[in-house]
Structure formats: C-alpha cells, structure tokens
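Here are my notes on the model, point by point. Please read them with the coordinates open.

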Amino acid sequence: MKNQELRKYVKRGISCLVAGMMVIGMAGCQSQENEAGKTDDSSQSVDGPVEIVYWNQWTQEDETAFLEKYIEEYNNSQDKYHVTFLAIPFEEYTTTKLATAFATNEAPDIFECSPAIITQYLDAGVCEPLDDIITEEIRADFTDSAFDTVSRDGHIYGLPLDSDLVALYYNKEILAEHGIEPPTTWEELKEAAAALNTDDYSGFTFEVDKGDWQCFTFYPFVWMQGGTLFTEDGMANLNSEEVINALSLWKDLLDSGNCNETPGRSVSDISILTNGETAMQINGSWSVLRADPEKYGVVPLPAPEEGGNSASVSGGWNVLVSNQSSEEEIAGAKDFISWLWLNVDHVKEFDTEAKFSYSMRNSVIEAGEDIYYSNDNAAVFSDEVISTAKPEIALSGEAKEIVSTMIQNALYSMSAKEAAEIAQEDMLKYQEESGSVFFG
Amino acid sequence: MKKKKQRRIKKEALTAYLMIAPEMILMLIFIFIPIIYALYISLFDWNALGTKTFAGLDNYSHMLDDATFWGSLFTTVKYAVIYVAAVYILSLAAAVFVNSIRGNRRQQACRVAIYLPNTISTIVAATLWSFLFNSRNGYINRIVELFGGERQLFLGSSSQALICVAVVGIWIAFGYNMIIFLSALKDVPAEYYEAARIDGANAVQRFFKITFPLIKGTSIFILITTLIASFQVFDQIRVMTSGGPAGATEVTVYYIFQLAFEQYRFGYASAIAVALSLIIMVVTVVQMKLLKFK
C-alpha cells in the first residue's frame, strides 16, 4: 500500500516537473522566436529607432574610446537607428562568444572576423553581401588583394578594416652591450639568440604555443624562401622543401635552449620584450606605439641567407553584417558601416591614433603619412616590411588544426620532415573529402 | 484513521516534492536537457553557423579512427592516475597529521592553512603557478638551481607539462578532501585506539588496523569524486599550456573544447562529449563494484 502510494506521488511529481519543463520550454521558444524575429517589432520603428548591435574585439582603452565617441556621434546624428557595441576580449570573442551567438540565433548585426576565422563564417553563408555600399569607386581606393579573403562567388561580404604586419623587435641596449647587430639572416638569428641568451632573459622569443597566432607568424618563414604552403591550384604543399626548412629553423632555435620556452602569454604581447624577459621577439605593427623607439628597434624578419628576401604576413579584421538580422537591421548596419568605416578620416584616426595599423585603403595611408613615419620603428614597417607582406592564409577549422599540429610536432616530437609528411597526408585527405582549397 | 494517515503521507510527500522541485528544475535545465541536446547534436554535422546535416553515427565511427581522440584519452588517464593518487594520499596524510595535533587553536590554524588553496579560483591558481613554473624567472627553477640542479623546462617540456598541470589541481583539491577525511577520522571512537594501545599496537598498526578500515566509505567517496573531477580537468590546461607542448596536455575535455570552439565542429565535439560521459559512467560503476561501495 505504502509503495503504491509512493509510486503514485512519484508519478505525479514527475508529471508536474514535465509539465513545468514544458511551460518553461515554451516560454524559451517564445523568447527565441522573439529574438529571431526581433525585427517584427523593431522594424516597424513605431516606438523608436531600430537597435543595431555591433560586436568586436577592440578592448584596448583607446580603441573602445574611439568607438564610444563615434557611435555616440552617429546615434545623435539621426534617429532611425541606434547602435550599441560590445567589445569582447579576443580569446573569448573568436572561440566561445561569436559562434554560439550564431548557433542560438542571437548573432550581432555587425561583427568582425580575422582571416583565421572568416572562412567558417563565409562558408556557412551567414553574411550579408556588402557590394551596394562598397562601390566601384571605393573599391578602386583599396589595394589589389584587399578583398580576396572577404569575397565569395563575385560578392564582397566584408570590409577590410586594417592590416597588421609582423617583424622582429629587439632591445637596443642589450644588443649594444653584447656588440651584436640586429640579425638579417637565419644564421645570424641563431648566433644572436645564442650570444644574447642569459639565465634572466632569453635570446629570442617566438610563439611556441599551438594556435592561430603561431601559424600566422610561421607563414613568412616559408614565403621568404619563395615557397608556399599550398600549390597554385590550392592543394597541400606542406612537405615542400621550404616548409621543412622553416620548420627546421624553428626547431633548431627551440632546441638550442636560447629561446623562450615558456613565454607564459601570447607572443603577440610585446610586454615580453618590454618587461625584459627576452632580447628579441617576433611581434607586429600593432606594438609600434607600445614599444619606446628609444629602447626598442624593429627590423624585417631575417632572410634565409645573405642577400635573400625577407617576408611578412598581413592579417587584420574585416567588418561583416549578419544575414540573420532583419532587412531593417541590415539596412541600419550598412548605414552605420558606411558612416563610420567608409569615412577616410575616421579610419585614419582609428588606424593611427586609437592603435597603429595599416589600412588597405590608399587614401588612408596617404592621409596618415605623418604617423606612418612618426618614428624609426614605424618607418621600418612602412618602408621595408609592408612591401614584403602577403595576406594571411584563410584556413578552415580542420585545416588550421593540421597546420598547427605540424608546427607543434616539428617543435617537440619528431623531425621537421616527418611532421611535414604527416601534415601533407592529412591535409590532402581532408581537402579531397571536403573539396576545400586554400591559397598562400 | 487510515484516511488520516494517507492524508498525512500525501501532505508530507507534497512538501518534499516542493522542496526538491527548484533543484530538480535547475538540474533539468542546466544538466539533463544539455546532455540530451548534446546527444542529439552528436548525430549531426554542424558548425554552429549553418544548418545541421544529419550524419547518423558517422561522428561516432570517425571517433574510432581519430588518433588525436585516443591520444587525448590516454593523456586523460595519465592525468587521472597522477591526480587521484596524489590527492588521495596527500589529503589522507594531511588529515591524519591535522587530527594528531593537540590543541584546538593549532589544529584549526593548520586546517585553514591547508584548506586555503581551495578558495582560490582555478584560473588564478593556474596563472600563479605559471609564474612559479616559468623556466627562466620562476621561483621553482631558482630553488632547483640553488641545490645545484639544472634548469628545468616544466611547462615547455612534453614530459613534465602534464605533471605541472596536475600539481595545480592537486594543490587546489587536497585541502578540501582533507576536510572530508578529517570528519571521518573524528567519527572513529577514541576507545578503539586506547584498547589497541593497551594491546601494544604501534602508530602504523593502529592506522592500518583501525583508522583505514573504519574510513573506507569516505575513502571510496573521495576516490570516486576525484576520479570524476580528473576526467573533467580543463581550466588550468587552458591557462597554462593550451594543450601543448605538442599535445602533451591535451586531455579529452580540452580536445572537445578545441573541436567545438576553435574548429567549430560541434557535432563531432558533442559525440566525443557523449562518449566521455559514458566512459566516466562505466569507470565509476566499475570502481564502485570493485571497491564494494554500498
């Protein structure tokens, strides 16, 4: 009897819970519908301006200050749209935030992607073409390859905002103390790292942690030998001599014990050099304003041999519009992008005052000439590095994993050749299965 | 009379259900529904951005051929062995030591000191230990060099990184487990020890003949919970090594994270998550059976 009673109550309890869950579930669906179709209310613009949401990764103080200032100005300049923005730290932005926002139909109307992640978004078809705002005239003002990574099937989906370049930074005082000139060849780089290395600081720091940034800084070492990671028809070329040479160089440097084995943070952070943890560091143009030119110098990445070519890589952020947004939100997003990011003065201020990066737009480079030559380090990037830069390879998630694993394997667990052969096989298999092609 | 009793049972049951309802609802929303949803997603090829393509059991069959998955599982097991053994031995030793301290104040101070790391978030602890393990300026290497040892690479070495990562987990967890052991030790009647002492048993004999058998239930509880925790390690790996060098610390949970949030392969990541849950479940059941947990 007791058991029957209990069973009855357990059953009732479970049905109550299930009913409760259904109610909650329905409420959830309701709110999701509202989210997805938020435009149904807002697009009418009855109660006020259409809300436009803009997500990016510009979390440095000057960058957010710039955005706050101009977004406020835009909002005050008209009453049809109201833009809000959210700057999310890079690590979270590209991993957990943006993808899950799209997965749950809560994508921002405007967002930004670097070449490292843009392929996923373009392949998934979640972006709105921007051909109507990026007119022929505007397009002509950009560099030739500016729209390569943001184009699909004859349409332009993204507006290239900036271009970041990679070079070698060094501590002038430490090099002078040891009577060493900044290295210009791979051999000199190895010798300098050995001569400069001490117990307190490493001779040289490059990225040893797996990831997008490691791949980004690895590419130029292949390119400067005249090699590529992919053939002209877009297929894997990872076991080529040039890739193996570049892997061997990195491996030799790490094995020598003269490099920073545990940088403790991303090598994209110039503070490893400025905190005195290393004598030389691979870093980029974004640090020009953060490294005092009196104390720190910049040279192009060392060439394979004397008289050889250097190379660099250029990567940057592109502004995109989500096609999950309503027509009115898309119109608002485009209006805002045209107002803010197609204005030469705004872009110049952003690229040269809020931060330091190169625009792919010729008129911005001309307008910002003073800043691009404001100190010796800036001049090195402007005169010597920019002309040698090739665009970052826009890989898919799986392809990125194969390249990253190749670099890690070569650094830690096998010979450069073995790592390259395995990666070549994996990449070809993946490309054949998926039909993907990559260039660079 | 009977009706009255029935009504009382009814009322009591209702109160009980109402009391556990909030917890149950939260568990449903945040635990059971996501698990079921993960199971559902695992049957699809989905990059979170586009539409889901039904893939049946493809993700599961792919898992069988995926060397990285098996490698990550092996790394997880290695981590579990280091972590569970260390947490168990250290927390038991600490509990016995603290229990033997005479004087309430001193005992309390010692307990707090050992428990303290447990109050720190894993991210903060991992960052802190990254500095300590730094191969050049880290204090640990300074101490090693002081004793004439050679500079170690720690997080930069494929053979040492997993141990370094485990040290952080152990440092955080053993104080908490010590408290659980301590409460079990306090429940062992003092008379048993007195009787054993009269019979001439020494400290080691007393520990293995009295303490150890009487705290068996707690021991098993700690072994099971630490094993489950070890299979779920993520935070310190994210902060300290990002799974490197060369995958030396790439445990299965970290691999799932990489697949989902770096490669956007949510379907495949979910399939591995489901497999990992099953593995944890099976290991726990086997462990309970072996240790005769009641």
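1. What share of the contacts in chain A with a separation of 6 or more comes from residues 24 or more positions apart? The share is 76%. Keep in mind that this is a predicted model.

2. Confidence comes next. Chain A has an average pLDDT of 88, and 90% of its residues score at least 70. One stretch needs care: residues 16–45 of chain A have a pLDDT below 50. Beyond near neighbours in sequence, that stretch still has 21 contacts in the model. Where pLDDT is low, predicted coordinates should not be read in detail.

3. Chain A contains 18 helices and twelve strands. Of its 440 residues, 47% are buried.

4. Domain 1 covers 47–163 + 316–342, and domain 2 covers 165–314 + 394–434. Their centres, taken over C-alpha atoms, are separated by 31 Å. Contact between them involves nine residues of domain 1 of chain A and seven residues of domain 2 of chain A. On the domain 1 side, three of the touching residues are nonpolar, five are polar and one is charged.

5. Helix α16 of chain A spans residues 376–385. Its buried residues are Asn377(A), Ala378(A), Val380(A), Phe381(A), Ser382(A) and Val385(A). What do they pack against? Their partners in chain A are the strands β7 (164–171), β9 (296–299), β10 (312–315) and β12 (389–391), along with helix α15 (369–372).

6. Now the interface between the chains. Here 37 residues of chain A are in contact with 33 residues of chain B. In chain A, helices α1 (2–36), α4 (90–103), α5 (115–123) and α17 (397–413) each supply at least two residues to the touching side. Which of the elements gives the most? That is α17(A), with eight residues. By type, the chain A side divides into 14 nonpolar, 15 polar and eight charged residues. A caution on α1(A), listed at 2–36: residues 16–45 of chain A are in the stretch with pLDDT below 50.

7. Why does Gly397(A) count as buried? Gly397(A) is buried because 20 other C-beta atoms lie within 10 Å, and the cut-off is 20 or more. Gly397(A) and Gly440(A) are 43 residues apart in sequence, yet their C-alpha atoms are 16 Å apart in space.

8. Buried residues in α13(B) include Phe266(B), Tyr268(B), Ile272(B), Val274(B) and Leu276(B). Gly267(B), Ala269(B), Ser270(B), Ala271(B) and Ala273(B) are buried too. Just after α13(B), Lys292(B) takes a positive phi of about 50°.

9. On annotation, an unreviewed UniProt entry places "domain: ABC transmembrane type-1" at residues 73–287 of chain B. In the model, that span is 75% helix and 0% strand. How far apart are its end C-alpha atoms? They lie 18 Å apart.

Notes:
Residues are numbered from 1 along each chain as its sequence is written. Chains are lettered from A and ligands numbered from 1 in the order in which they are written. This is a predicted model: local features need pLDDT of at least 70, side-chain atom pairs count only at pLDDT 80 or more; totals for chains, interfaces and linings use all residues. UniProt positions are given in the numbering used here, feature names are shortened, and annotations may be inferred rather than shown by experiment. Helices (H or I, at least four residues) and strands (E, at least two) are DSSP runs, numbered from the N terminus. pLDDT is the predictor's confidence in each residue, from 0 to 100. Two residues are in contact if their C-beta atoms, placed from the backbone, lie within 7 Å. Domain bounds come from an automatic or database domain assignment. Ala, Val, Leu, Ile, Met, Phe, Trp, Tyr, Cys and Pro count as nonpolar, Asp, Glu, Lys and Arg as charged, and the others, Gly among them, as polar. A residue is buried if 20 or more other C-beta atoms lie within 10 Å of its own, exposed if 12 or fewer, and partly exposed in between; C-beta atoms are placed from the backbone.
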